[in-house]
Amino acid sequence: MKRISILGSTGSIGTQALDVIDRNRDKLSVAALSCSRSLELLAEQTVKFRPAAVSIEDESGAKAYRDIMKSRSDYMPEIFVGGEGLKTIASMEDADMILNSLMGMRGLEPTMAAVEAGKDIAFANKETLVAGGSIVMEAVRRKGVRLLPVDSEHSAIFQSLQGNEGNPIRRIILTASGGPFRGYSREQLEKVTLEQALKHPNWSMGSKITIDSATMMNKGLEIIEAMWLFDVPVERIQAVVHPQSVLHSAVEYEDGSVVGQMGNPDMRVPIAYAFSYPDRLNLTNEDGGVASLDLFSFDGGLTFSPVDTDVFRTVEFACEAARRGGSMPAALNGANEVLVDGFLKGRIRFTDIQDTLERVMDRYEPVYDLSLETILEEDSKARRYTEKIMEHGII
């Protein structure tokens, strides 16, 4: 029985992970859960899966959660609070694996705590590797733990590498749906609304990652993540627009062979593979399970095209940040998080996101002697600068 702590259990990845666990109760159980504000849902999850501990964002949330639990059940897990609470459940002795599905940079410190505690990590927090890839991967190697990707693209790459250990990689083909604005011109992007940006054509995801997909920054961040996970230079990672989201990514080897992973767009597949690697779980055994791929259902075939980097410049921003190295990716990521939040709150336009990212990159000087503290400091510096730009309307 593998015991799993889920950081971000009430989000899209967390709820799907719990569905995987629920379908495989003979193999998987829940050690701990965390959430920020969805306390009613956290209480439902607690009653169903009976974790030993939970972590909640603040003391007021913890009090409200206790009250909800007292009205529903005689069971009460141990309750931790805030950033320290996340680090506690990420490193707790009762957990065999951590699923980090937190959004943004707040996943970095719990990840480091889990690695230092010797925990394997099912990894769905790309921002952590974008900002702190050098220190995270060094710690992973030093502690001998496994960092198993949950992003569908990186899971596909990981699966395509199995059985090919030691064979040099010629190219990683990182697929992208193209988001809701595939084929748009710059002029059309100027008129995009929040409602339009939140309608992803294929995947069900949280609001931040959905906006990142719409700007294609998500693909840029995934290129940096792949660089760290698979030790491949950014020049050998090619982003390809594949609207059907059937080929989730592929690896090309030196003999010209291309090995890829295909399936319906369902995040439970990469989640389950990270939980059970090297085995595979049965996800099609009940109503609501993962549907089998019907290759005859694509009347127009499976299509592939290059990213339009003239319109979606964020992919090139990410590649440039990776080439400049040091704290540059952390600054890019921090600025992007501030800008996406600003767009979600109606403070800026959709195209202001990439325009401001370009300005931040032009003015930011990266630091190259990195530690956890330095990365957090540089992230904060980039956020403050980006916030000033939004406050004064100089975009």
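Predicted model: local features only at pLDDT ≥ 70, side-chain atom pairs only at ≥ 80, totals over all residues.
I checked for disulfides, taken as cysteine sulfur atoms within 2.5 Å, and the count came to 0.

Next I took helix 14, residues 328-344. At 1.5 Å a residue, its 17 residues should span 24 Å, and I find the end C-alpha atoms 24 Å apart, which agrees. I looked up burial for this helix: 15 of the 17 residues are buried, so helix 14 is largely enclosed by the rest of the structure. After helix 14 I noted Gly 346, which has a positive phi, near 80 degrees.

Last, I went to the second largest pocket. I recorded its volume as about 470 Å³. I listed 21 lining residues, with Phe 158, Leu 161, Gln 162, Leu 229 and Phe 230 nearest the centre of the pocket. Sorting the lining by class gave me 14 nonpolar, 4 polar and 3 charged residues.

Which elements each supply at least two residues of this lining? I have helix 6 (126-143), strand 7 (147-149), helix 7 (152-161) and helix 11 (217-230). Strand 7 gives the largest share of the lining, 3 residues.

Conventions:
Residues numbered from 1 in each chain as written. Heavy atoms only, no water. 1 Å grid on protein atoms, 1.4 Å probe; cavity = no way out; pocket = protein on both sides within 12 Å on 5 of 7 lines; lining within 4 Å. Points joined across faces, edges and corners; volume = space filled by probe spheres on them. Helix = DSSP H or I, 4+ residues; strand = E, 2+ residues; numbered from the N terminus. Nonpolar A, V, L, I, M, F, W, Y, C, P; charged D, E, K, R; others polar. Expected span 1.5 Å × (residues − 1). Buried < 20%, exposed > 50% of the residue type's maximum accessible area, 1.4 Å probe, protein only.
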